[in-house]
Amino acid sequence: MNKGITTFAAVLTCLLFFNLSFAQTSVQNKLPNWAFGGFERPANTNPIISPLAGSRFLDPMSGKQVGWEAFYTFNPAATVKNGKVVVLYRSEDMTGDAIGTRTSRIGYAESTNGLHFKRSGKPVVYPGNDSQKEFEWPGGCEDPRVAVTENGTYVMFYTQWNRKVPRLGVATSKDLVTWVKHGPIFRKFYNGKFADIPNKSASIVTQLKGGKIVIAKVNGKYWMYWGELHVFAATSTNLVDWEPLTDGKGELKWLISPRKNYFDSDLTECGPPALITKNGIILFYNGKNHPGNGGDKRFNGNSYCAGQVLFSLKDPTKAIGRLNVPFLRPMEPFEKSGQYVNGTVFIEGLTYFKNKWFLYYGCADSKVGVAVFDPNKPAPPDPVPVL
């Protein structure tokens, strides 16, 4: 009898210790009032776009039919046109054998509910026999972000990849299908000093106006955040030619940078178009976690999670708030397996549609996913392990 009581007490003690330990290793990730969230993955929906081996396209570079979206489809831009959500997604063919060695093109898909998409079957932006050959052959056109002006001109920023130097390029369109390429965006300032350094990931500042996200001006000029390691900024008067912000030494001005022991400890890469709110300008960005001692041990090394930083509207170079934990992180199997096995939710597209916010993201550099935020619904808490 005494032995049984002793055994029961030991088991009870273990259970209590386990529960206490669990309570001490998780905390509710509550977002500050200025941040957007929570975004939820719709049930039985993701991934919304996956590779298709049967899509064929006459490639201007080779003169042959290629399976332009046969290998991977990921990293999407998004906007609204004629009452439909349009996603412009990066595709890769099967011409290479590693990340960065295949040719990328940008495909078109549209949806009446933001969740289920019909594709066009052919890319809308791709390396062609045009003025951008030196910048886009043979790597192609990657990682689009898109926004629209109040008069209905769509502006796309994307990476031009010639497998030598990645450059931010810009293209414009009235219908999201036929695009005019304008080339690298930094050539006309500082004697081209920043035109030929690696540059990518542009998030132009927008605002919600009349129920529609449109490109906005800040202090009389168009404004963008850009960058892959640090976050920089640039301004424009015509949406095509952009002047990078510099410091007192004539070098690029750093606005935010990676933080040791955080989810963004390895790099901070701009996401979808930034958004003006009543609290300031929110930049949604992608943070890469350092794989060594400098990273956040709660997340995989080299994983990509989604963050937010709040900039002052009066001084858009000044960060006044920043999330310490991600608001979206790799959780689903298709976000942790594929071309990028460390886990990736790479955000690039944000739309306001039917009174909800739809966030489109790349899953492990392989597929496209969506998460939805309903402002009228309480945000669910996200348990995050405590170090």
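Which residues in the largest nonpolar core touch the most other members? Of its 24 residues, they are Phe 36, Phe 39, Phe 284, Phe 327, Leu 328, Ile 347 and Trp 357. The structure described here is a predicted model.

**Nonpolar cores**
- Leu 328 touches Arg 41, Cys 305, Ala 306, Val 345, Ile 347, Leu 359, Tyr 361 and Ala 371, leaving aside residues up to four places away in sequence.
- A second, separate core has 23 residues, among them Val 218, Tyr 225, Leu 255 and Cys 270.
- In soluble globular proteins, nonpolar side chains tend to be buried together.

**The second largest pocket**
- The volume of the second largest pocket is about 370 Å³.
- This pocket is lined by 19 residues, of which Arg 90, Ile 99, Asp 143, Lys 200 and Asp 365 are the closest to its centre.
- Two or more lining residues come from each of strands S4 (72-81), S5 (84-92) and S8 (140-148).
- By type, the lining comprises seven nonpolar, four polar and eight charged residues.

**His 182 and its surroundings**
- Beyond residues up to four places away in sequence, His 182 touches Gln 132, Val 170, Ala 171, Thr 172, Arg 187 and Val 240.
- The side chains of His 182 and Thr 172 are joined by a polar contact of 2.8 Å.
- Ile 106 is 76 residues from His 182 in sequence, and their C-alpha atoms are 16 Å apart in space.

How values were computed:
Residues are numbered from 1 along each chain as its sequence is written. This is a predicted model: local features need pLDDT of at least 70, side-chain atom pairs count only at pLDDT 80 or more; totals for chains, interfaces and linings use all residues. Side-chain values use heavy atoms; hydrogens and water are left out. On a 1 Å grid over the protein atoms alone, a cavity is a set of points where a 1.4 Å probe fits but cannot get out, and a pocket is an open set with protein on both sides within 12 Å along at least five of seven lines; lining residues have an atom within 4 Å of a point. Grid points are joined across faces, edges and corners, and a volume is the space filled by probe spheres set on the points. Helices (H or I, at least four residues) and strands (E, at least two) are DSSP runs, numbered from the N terminus. Ala, Val, Leu, Ile, Met, Phe, Trp, Tyr, Cys and Pro count as nonpolar, Asp, Glu, Lys and Arg as charged, and the others, Gly among them, as polar. A nonpolar core is a set of buried Ala, Val, Leu, Ile, Met, Phe, Trp, Tyr and Cys residues joined through side-chain atoms within 4.5 Å. Buried means under 20% relative accessible area, exposed over 50%, partly exposed in between (1.4 Å probe, protein chains only). Contact means heavy atoms within 4.5 Å. A polar contact is a pair of N or O atoms within 3.5 Å; within protein, one must be able to donate a hydrogen and the other to accept it, and residues adjacent in sequence count only if both atoms are side-chain atoms.
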